[in-house]
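Biologist: I have a model to read with you. Please start with your terms, then take my questions in turn.

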Amino acid sequence: MCREFVKKIREEEKNIGNMPERANDVLKYFHIKDISSGVPIIEILTKLGFKIYQSDLSADGLSAYIAVDPKLKNIFGSNKITCVHSEDNIGHKRFALAHELAHYLFDFNEDENLYYYDTYSIKEKNDKIEEKRANIFAANLLMPKEAFIEKFKEYKSLRSKADIVNALEQYFLVSSTSVLKRLRELDINGYNNYME
């Protein structure tokens, strides 16, 4: 059951350096092998009991938020909801959902607290370790290292750098910003030199 998985993953190491492994734990638990249509982040959150919504969050400058609160059950049919900004592109919405999943898994414990709220805004510069960890988890969940490198090698022969980024963006269903950050982050065999 998901509850046991969540309990187990919360007991594992959750430092920034462990995020690739934790993301892989999620992929394994949900038996996600084929990511040619993107990692099914909505399916993962739904199986964990979340209701997912979209709304205009521009007034608050947010990309997403997560809420765990027993009072939500009467309104939404679940005590767990997450919401993304309706005007963001699909890739950014998916990243924001994966980011909020990281907060749920690593910054909240249902056995100790009934409530948890978190917001995600790319406009705010946030150097908190929890935010960095959530971003690294999201990147590793949506663009697993081995699959990303494999696809980069496959697309490397395309005409331009923009074509490569676009192909990776479409394969993983993420934003071009996420692809570019992932390329810089991995820098395997001088990929960054190739992209310059």
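Modeller: Helices (H or I, at least four residues) and strands (E, at least two) are DSSP runs, numbered from the N terminus. This is a predicted model: local features need pLDDT of at least 70, side-chain atom pairs count only at pLDDT 80 or more, and totals for chains, interfaces and linings use all residues. Residues are numbered from 1 along each chain as its sequence is written, and side-chain values use heavy atoms, with hydrogens and water left out.

Biologist: Where is Leu173 found?

Modeller: Phi of Leu173 is near 55°, a positive value in a residue other than glycine. As for its place, Leu173 sits in the loop between H8 and H9.

Biologist: What is the relative accessible area of Leu173?

Modeller: Buried means under 20% relative accessible area, exposed over 50%, and partly exposed in between (1.4 Å probe, protein chains only). Leu173 is partly exposed because its relative accessible area is 32%.

Biologist: Where does His31 lie?

Modeller: His31 is not a glycine, yet its phi is positive, about 55°. Its segment is the loop between H2 and H3.

Biologist: Does His31 count as buried or exposed?

Modeller: The deciding value is a relative accessibility of 66%. His31 therefore counts as exposed.

Biologist: What is the distance in space between Glu21 and Pro144, C-alpha to C-alpha?

Modeller: Glu21 has its place in helix H2. Glu21 is partly exposed, since its relative accessible area is 46%. In sequence, Glu21 and Pro144 are 123 residues apart. In space, C-alpha to C-alpha, they are apart by 9.9 Å.

Biologist: What span does helix H6 reach from its first C-alpha to its last?

Modeller: H6 covers residues 129-142, which is 14 residues. The expected span of a helix is 1.5 Å times one less than its number of residues. For H6 the expected value is 20 Å, and the model comes close to it, with a reach of 20 Å.

Biologist: Which residues of H6 are buried?

Modeller: An α-helix has 3.6 residues a turn, so residues three or four places apart point the same way. In H6, the buried residues are Glu131, Arg133, Ala134, Phe137, Ala138, Ala139, Asn140, Leu141 and Leu142.

Biologist: Which helices and which strand are included in what covers the buried residues of H6?

Modeller: Contact means heavy atoms within 4.5 Å. The cover of the buried H6 residues includes strand E4 (116-120). It also includes the helices H2 (19-29), H3 (41-47), H5 (90-107), H8 (161-172) and H9 (176-186).

Biologist: Which residues is Ser178 in contact with, leaving aside its neighbours within four places in sequence?

Modeller: Ser178 has its place in helix H9. Its relative accessible area is 10%, so Ser178 is buried. With neighbours within four places in sequence left aside, its contacts are Phe95 and Met143.

Biologist: How many residues apart in sequence are Leu183 and Val165?

Modeller: Leu183 is also found in helix H9. Leu183 counts as buried because its relative accessibility is 2%. C-alpha to C-alpha, Leu183 and Val165 are 9.2 Å apart in space. Their separation in sequence, in residues, is 18.

Biologist: Turn to the strands. How many residues of E3 are buried?

Modeller: Lys80, Thr82 and Val84 point one way from E3, while Ile81, Cys83 and His85 point the other way. Both sets are buried. E3 is largely enclosed by the rest of the structure because the buried count is six of the six residues.

Biologist: Which residue of E3 is the bridge partner of Tyr53?

Modeller: Two strands pair if DSSP finds at least two bridges between them. Strand E1 (residues 50-55) runs parallel to E3, with six bridges joining them. Across that pairing, the E3 partner of Tyr53 is Cys83.

Biologist: Which residue in E3 stands opposite Ala67?

Modeller: E2 (residues 64-68) is mostly covered, with four of its five residues buried. E2 and E3 (residues 80-85) pair in the antiparallel sense over five bridges. Opposite Ala67 stands Ile81.

Biologist: Which residue in E4 stands opposite Val68?

Modeller: E2 and E4 run antiparallel, and five bridges join them. In E4, the residue opposite Val68 is Tyr116.
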